[in-house]
Amino acid sequence: MSGVPPSGTDGTRTDRELLAAHVAGDDTAFAELVRRHSDRLWTLALRTMHNRQDAEDALQEALVSAFRRADTFRGDAAVTTWLHRVVVNACLDRIRRNQVRRTDPLPEHVERVLTATDDPEAETEAGLRRVAVLQALRQLNADQRAALVLVDMEGYSVEEAATILGCAPGTVKSRCFRGRARLAPLLAPLRASEEGRT
């Protein structure tokens, strides 16, 4: 174990302490850090990739990269921001490689509806909406998709997304604006069908 002591009264270490302990040679610190944030990192990868297998591969690549390059963390942002940047970069790299190789088909297993209901019809409609949104997002270029996922789906501010993506806030705003403009006609049939039911 490293010489970084637990800081919380309940014995838990902060993200920064865990990362520092990992760099110092603590064999368990990185696994604890990943466990703490695994759900959000997985959701980010899946929403960016829209394909379960590619998301798994990208997330694995990101975690290996973060494990090996933890000593490059400068501390000018939160550890979670740094981890999200590593995941997004791994996803963008994989998207670009995939675009060179092939066009992505509709994923076999679309991310499940987060809240199951007792109403099969409502659950089916929610699933169809999700598929439509994922298909529309796939039409965007990788940079626009990543910006929209971070800002509109993950709830990051433009400034936080800019830090994760390593670009200026104005660039994130521009990518979101262009991405939303491209999504509007693609999602118009979905919006019309929802309005028709109300």
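This is a predicted model: local features need pLDDT of at least 70, side-chain atom pairs count only at pLDDT 80 or more; totals for chains, interfaces and linings use all residues.

Begin by selecting Trp 82, Val 87, Val 88, Leu 150 and Val 172, which touch the most other members of the largest nonpolar core, a set of 50 residues. If you then colour by helix, you will find that helix 1 (15-23), helix 2 (29-49), helix 3 (52-68), helix 4 (79-101), helix 5 (120-138), helix 6 (142-153), helix 7 (158-165) and helix 8 (169-197) each supply at least two residues of this core. The largest share, 10 residues, comes from helix 4. In soluble globular proteins, nonpolar side chains tend to be buried together.

Stay with Val 88 and display its surroundings: setting aside residues up to four places away in sequence, Val 88 touches Leu 44, Ala 146, Leu 150, Ile 164 and Leu 165.

Next, select helix 2 and helix 3, whose axes come within 9 Å and cross at roughly 140 degrees. Helix 2 is therefore oblique to helix 3, and the crossing of the two is right-handed. To see the contact itself, show side chains on both helices: from helix 2, Phe 30, Val 34, Leu 41, Trp 42, Ala 45, Leu 46 and Met 49 meet residues of helix 3 that include Arg 52, Asp 54, Glu 56, Leu 59, Leu 63 and Phe 67. Sorted by class, this contact of helix 2 with helix 3 has 13 nonpolar, no polar and three charged residues.

Now move to helix 1, where Asp 15, Glu 17, Leu 18, Leu 19, Ala 21 and His 22 are buried. Following helix 1 is Gly 25, and a check of its backbone will show a positive phi, near 110 degrees.

Which residues is Arg 175 in contact with, leaving aside its neighbours within four places in sequence? Select Arg 175 in helix 8, and look for Asp 143, Gln 144, Ala 147, Leu 165 and Cys 167, with which Arg 175 is in contact. The C-alpha atoms of Arg 175 and Ala 147 are separated by 6.4 Å, although the two residues lie 28 residues apart along the chain.

Finish at Glu 154, in the loop between helix 6 and helix 7. Glu 154 counts as buried because its relative accessibility is 12%, with the cut-off set at under 20%. Not counting residues up to four places away in sequence, Glu 154 touches Arg 40, Thr 43, Leu 44, Arg 47 and Val 149.

How values were computed: Residues are numbered from 1 along each chain as its sequence is written. Side-chain values use heavy atoms; hydrogens and water are left out. A nonpolar core is a set of buried Ala, Val, Leu, Ile, Met, Phe, Trp, Tyr and Cys residues joined through side-chain atoms within 4.5 Å. Buried means under 20% relative accessible area, exposed over 50%, partly exposed in between (1.4 Å probe, protein chains only). Helices (H or I, at least four residues) and strands (E, at least two) are DSSP runs, numbered from the N terminus. Contact means heavy atoms within 4.5 Å. Axes are lines fitted to C-alpha atoms, for helices over the stretch in contact, and angles run from 0 to 180 degrees between N-to-C directions. Angles under 35 degrees count as roughly parallel, over 145 as roughly antiparallel, 65 to 115 as roughly perpendicular and the rest as oblique. A crossing is left-handed if the near helix is turned anticlockwise from the far one by less than a right angle, and right-handed if clockwise. Ala, Val, Leu, Ile, Met, Phe, Trp, Tyr, Cys and Pro count as nonpolar, Asp, Glu, Lys and Arg as charged, and the others, Gly among them, as polar.
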